[in-house]
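Thanks, everyone, for making the time this morning.

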Amino acid sequence: MPFPQLESKRLILRQLKVSDLNEIFSIRSNAEISEFLDRPLAKTLDEAGKFITKINKGIKNNEWIYWALAPKHENKLIGTICLWKILENKNQAEIGFELLPEYQGKGLMQEALSEVLEYGFNTMGLNKIDGEVDPRNIKSIRLMLKNGFVKTIDLGHNKSEEGKILNTVVFTLLNVK
């Protein structure tokens, strides 16, 4: 199946490319973006390249859909949004998103999220989309609430693979159409 490229008013949501290497490194090595995420910071371009390869392999194997967000006028990656942890029966998935700090607060992730939710519910036929978030990540929580997600689970404090203590809550959006 071809990759589902989407468009919003200002963005193209396209497949990640090898030419996105520097931008993926910028996102994955940015402490501000990663503050609320359970992942180590990327330290090298090679790590970013391996990440791109992993993502595109997972797309090919129908494990997830991972979009690169690019403004229509420059087609340079500024963020990502994905549907992952897609259950085998394809009726539910988890959403994840990140945006370079200089593009935050401009409504761009709202545009991308609207397109991905539409695609997930109406094209993929999902019944439920979850978003797992650190409760201190106010921007992500506001975005999910604005789009109809409701807090469903407080997973409390868990230890990450790196031994970091994480506090996580889950927000859920059901397809009520």
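This is a predicted model: local features need pLDDT of at least 70, side-chain atom pairs count only at pLDDT 80 or more; totals for chains, interfaces and linings use all residues.

Asparagine 62 counts as exposed because its relative accessibility is 52%, where exposed means over 50% relative accessible area, buried means under 20%, and partly exposed lies in between, calculated with a 1.4 Å probe and protein chains only. Asparagine 62 lies in the loop between α3 and β3 (65-71), and its phi is positive, about 55 degrees, although asparagine 62 is not a glycine. Residues are numbered from 1 along each chain as its sequence is written, and side-chain values use heavy atoms, with hydrogens and water left out.

Asparagine 75 also has a positive phi, near 50 degrees, in a residue other than glycine. Asparagine 75 sits in the loop between β3 and β4 (79-84), and it is partly exposed, because its relative accessible area is 34%.

Let me now turn to the chain as a whole.

Along the principal axes, the C-alpha atoms fill a box of roughly 40 × 40 × 35 Å. Of the 177 residues, 47% are buried. Among contacts, meaning heavy atoms within 4.5 Å, with a separation of 6 or more, 58% join residues 24 or more positions apart.

What about the interior? In soluble globular proteins, nonpolar side chains tend to be buried together. The largest nonpolar core here has 48 residues, and those with the most contacts inside it are Leu13, Leu16, Tyr66, Trp67, Ile81 and Ile95. Helix α4 (residues 108-123) gives the largest share of this core, eight residues. By a nonpolar core I mean a set of buried Ala, Val, Leu, Ile, Met, Phe, Trp, Tyr and Cys residues joined through side-chain atoms within 4.5 Å. Not counting residues up to four places away in sequence, tryptophan 67 touches a list of residues including Phe3, Leu13, Ile81, Val116 and Tyr119.

Two more residues deserve a look. Glutamine 92 is in strand β5 (residues 92-99) and counts as partly exposed, because its relative accessibility is 24%. Its C-alpha atom is separated by 4.7 Å from that of lysine 128, 36 residues apart along the chain, and Lys128 is one of the contacts of glutamine 92 beyond four places in sequence.

Leucine 45, in helix α3 (residues 45-60), is partly exposed too, because its relative accessibility is 38%. Leaving aside neighbours within four places in sequence, leucine 45 is in contact with Leu21, Asn22 and Phe25, whereas 28 Å separates the C-alpha atoms of leucine 45 and valine 116.

Conventions:
Helices (H or I, at least four residues) and strands (E, at least two) are DSSP runs, numbered from the N terminus.
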